[in-house]
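Hello,

Here is the structure we talked about. Please open it first, then read my notes below.

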Amino acid sequence: MTKFLIVYDHPYIHSFNHAVLEKVVTKLTQQGDSYDVIDLYQDGFNPAYDAEELRLFHRGQTHDPLVRQYLTQLKTADALIVITPIWWNDLPGMLKGFIDKVMKEGPELTHVVTKTGVQGTLTNIRKGYVLTTSTSPTFYLRWACGNAIKKVFIQTTLKQLGIRHVKWSNCGGITNATAEKREGYLAKVSQMSF
């Protein structure tokens, strides 16, 4: 049995992203896997640093109880699923703030800084999935916009944190997508091998 951690980043319960979350939860339940959901908006997570939080950062400390909770969940997960929209060709500010605030420096936390760069300690997370939606078509994100999700978030940020085996699936053109396209993507999520 795999222990999954789902990081969900959307403020609207009737969004297509929420439908994706529901499909993922159903699939994991059917597989008999355990999971926790970090719902950043529902939790009331504040993605912005304050002066005290920044002062504590390099000591691997925090005064935000949600950061402590999220760190525990990250360190005890076997797999990670991130569900988020793509806004302006990149991660939304809420998810970027999650990375900024929660990924704490320290050998028992998420990474250490060496002379050659960041060394990730989240090697307990053996596999990851990034499920996104975007107004832009997927080919446009990949070929015309610099492919930020794959090149920066997956192949750089998550890799630096020690999460190396990550798959990305995007439902592009979501704003004008037909009901058939939306249902097709949800069916694809239901058939994914998590």
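A definition to begin: helices (H or I, at least four residues) and strands (E, at least two) are DSSP runs, numbered from the N terminus. Asp100 and Lys96 both sit in helix 4. They are 4 residues apart, about one turn of the helix.

This is a predicted model, where local features need pLDDT of at least 70, side-chain atom pairs count only at pLDDT 80 or more, and totals for chains, interfaces and linings use all residues. Residues are numbered from 1 along each chain as its sequence is written, and side-chain values use heavy atoms, with hydrogens and water left out.

**The whole chain**

The protein chain has 7 helices and 7 strands. Along the sequence, their order is β-α-β-α-α-β-α-β-β-β-α-α-β-α. The C-alpha atoms fill a box of roughly 50 × 40 × 30 Å, taken along the principal axes. The radius of gyration is 17 Å. For 194 residues, a compact globule would have a value near 16 Å, so the two agree. This radius is taken over C-alpha atoms, and the globule rule is 2.2 Å times the number of residues to the power 0.38.

Of the 194 residues, 49% count as buried. Buried means under 20% relative accessible area, exposed means over 50%, and partly exposed is in between (1.4 Å probe, protein chains only). Now take the contacts (heavy atoms within 4.5 Å). Among those with a separation of 6 or more, 77% join residues 24 or more positions apart.

**Salt bridges**

How many salt bridges does the structure hold? It holds 5. A salt bridge is a side-chain nitrogen of Lys or Arg within 4 Å of a carboxyl oxygen of Asp or Glu. Here are some of them.

- Asp100 pairs with Lys96, with the closest N and O atoms 2.7 Å apart. Asp100 is partly exposed at 31% relative accessibility. Lys96 is partly exposed too, at 41%.
- Arg55 pairs with Glu52, and the closest N and O atoms are 2.7 Å apart. Both lie in helix 2 (residues 51-57), 3 residues apart, so about one helical turn separates them. Arg55 is partly exposed at 46%, and Glu52 is partly exposed at 34%.
- Lys101 pairs with Asp64, with the closest N and O atoms 3.1 Å apart. This pair links distant parts of the chain, 37 residues apart. Lys101 is in helix 4 (residues 93-102), while Asp64 is in the loop between helix 2 and helix 3 (65-75). Lys101 is buried, with a relative accessible area of 4%. Asp64 is buried as well, at 12%.

Best wishes
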